[in-house]
Amino acid sequence: ERRCRISSVTEMPHLSLLPIIPSVAALSRAFLTWGCKSVRVLGTDQFLHILTDPKRAEEGRGIVTYANHISVLDEPIMWGALPSSYFWDRRTVRWSLGASDIIFKNELYRWFFRQGQTLEVFRDRGIYQDAINQAIQHIGRGAWIHIFPEGKVNLTRSTYMRRFKWGISRLILEAPICPYVVPVWLMGFDQIMPHPRAPPRWVPRTGADICVVFGDPIDVDAYRQTYFEWASMHHASGLTIQRSSSSSPALGESVLDTLLALRLPRVDIHTPPHHIYTYDTWRSVQLAPEDHPAYAMIRSHLAAYLRTNLAHVGLQTRLTLGYGPGEGLLAHRPDDVHV
């Protein structure tokens with residue numbers, strides 16, 4: 001366990017950034033130090049070793065971190081848990097994805113968040129948009145991408161999360177070299193700035209009990225191997241996307257049967273069945289014209305696997321801190337909330 005008042009790394013930083021990121025990181029660190037009742041930070045040593053490993057950078061092996069999303073200010077306050085010197089070098093600063101309608105709504109916001117290494121995501125444009133393509137390119141250069149795969153704030157203190165969006169699966173599957181995939185579990189941020197919240201809406205609440213946990217890297221090799229085997233089969237056969245109103249997928253049950261024969265890893269039983277893309281649910285999901293049901297199935301299974309792993313980190317954290325495995329409560333009573 002490490003407390004928030006961490007001494008900074010002594011090496012001279014590489015001054016490759018405008019001061020926006022270091023300044024925001026310093027403010028986040030100050031809030032954790034002086035604005036919170038308690039702060040626990042676990043697992044940073046292992047994560048920082050991965051982040052600064054010169055061999056990883058030389059290989060061009062990127063990092064994908066992902067977290068539960070329980071507050072408007074999860075990002076950037078959570079990064080105040082890391083030593084401040086890491087925010088002076090682009091190579092040790094995360095890239096993030098942010099919703100266009102929320103944080104890119106005017107020119108000042110666009111400039112600010114782009115300087116903060118945030119890629120603009122447009123809701124309802126799917127996983128084949130420019131921001132996801134750019135994120136994959138960054139990973140291929142050995143960069144660090146952070147994502148909240150639930151897609152929106154989930155105001156709960158339990159380990160039950162919304163179904164993960166498939167963009168995170170595409171980042172992992174299509175990266176040139178398998179990235180490190182690290183789950184990050186957050187607790188207590190719902191006490192700082194929940195959504196919705198009572199006025200004053202723009203003021204962070206002080207006195208929170210905060211916990212940031214960096215889990216062990218997750219093994220995703222089986223999913224990537226399944227993807228590569230399917231992709232090679234798909235391209236070799238020259239299959240094209242077809243639409244059909246019939247009771248079975250038009251582009252061939254044989255493709256999906258072959259995929260299942262590759263023994264896609266089974267997801268933990270605690271993942272709700274409706275979170276998995278299957279034969280029974282394929283017609284209810286609107287796929288992009290360039291997409292393929294078999295690839296959608298792989299992404300869906302990987303997303304559920306990632307969700308299960310993050311929930312496991314959350315469960316172990318709750319048990320370690322003595323909270324028990326319960327479902328938890330909302331941060332504020334409904335009658336205190338003004339939408």
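**Reading a fold, feature by feature**

Author: Let's start with a helix pair: the axes of helix H8 (residues 167–174) and helix H11 (residues 293–320) come within 8 Å, crossing at roughly 105°. Keep in mind that this is a predicted model.

Reader: How do I read a pair like that, and is H8 roughly parallel or roughly perpendicular to H11?

Author: The general idea is that two packed helices are described by the angle between their axes and by the distance between those axes. Angles of 65 to 115 degrees count as roughly perpendicular, so H8 is roughly perpendicular to H11. On the H8 side, the contact uses Ile168, Ser169, Arg170, Ile172, Leu173 and Glu174. H11 brings Tyr295, Ile298, Arg299, Leu302, Ala303 and Leu306. Sorted by class, that contact has 8 nonpolar, 1 polar and 3 charged residues.

Reader: What about H1 and H6, at what angle do their axes cross?

Author: Helix H1 (residues 20–34) and helix H6 (residues 107–115) have axes that come within 8 Å and cross at roughly 85°. That makes H1 roughly perpendicular to H6. The contact is made by Ile20, Ile21 and Val24 from H1, with Trp111, Phe112 and Gln115 from H6.

Reader: Now strands. Which way do the side chains of E5 point?

Author: As a rule, side chains in a regular strand alternate between the two faces of the sheet. In strand E5 (residues 118–121), Thr118 and Glu120 point one way while Leu119 and Val121 point the other way. All of them are buried. E5 also pairs with strand E4 (residues 95–99) in the parallel sense, over 4 bridges. One place to look is serine 96, whose bridge partner in E5 is threonine 118.

Reader: On either side of E5 there are loops. Which residues there have a positive phi?

Author: Glutamine 117 has phi near 55°, a positive value in a residue other than glycine. It sits in the loop between H6 and E5. Aspartate 124 has phi near 70°, again positive and again not glycine, and lies in the loop between E5 and helix H7 (130–140).

Reader: Are glutamine 117 and aspartate 124 buried or exposed?

Author: Glutamine 117 has a relative accessible area of 0%, so it is buried. Aspartate 124 is at 82% relative accessibility and therefore counts as exposed.

Reader: Which peptide bond is worth a look near proline 76?

Author: The bond from glutamate 75 to proline 76 is cis, with omega near 15°. Proline 76 itself belongs to helix H4 (residues 74–77).

Reader: Then zoom out: how many helices and strands does the protein have?

Author: It has 11 helices and 8 strands. Of its 339 residues, 52% are buried. Among contacts between residues at least 6 apart in sequence, 78% join residues at least 24 apart.

Note on methods: Residues are numbered from 1 along each chain as its sequence is written. This is a predicted model: local features need pLDDT of at least 70, side-chain atom pairs count only at pLDDT 80 or more; totals for chains, interfaces and linings use all residues. Side-chain values use heavy atoms; hydrogens and water are left out. Axes are lines fitted to C-alpha atoms, for helices over the stretch in contact, and angles run from 0 to 180 degrees between N-to-C directions. Helices (H or I, at least four residues) and strands (E, at least two) are DSSP runs, numbered from the N terminus. Angles under 35 degrees count as roughly parallel, over 145 as roughly antiparallel, 65 to 115 as roughly perpendicular and the rest as oblique. Contact means heavy atoms within 4.5 Å. Ala, Val, Leu, Ile, Met, Phe, Trp, Tyr, Cys and Pro count as nonpolar, Asp, Glu, Lys and Arg as charged, and the others, Gly among them, as polar. Buried means under 20% relative accessible area, exposed over 50%, partly exposed in between (1.4 Å probe, protein chains only). Two strands pair if DSSP finds at least two bridges between them.
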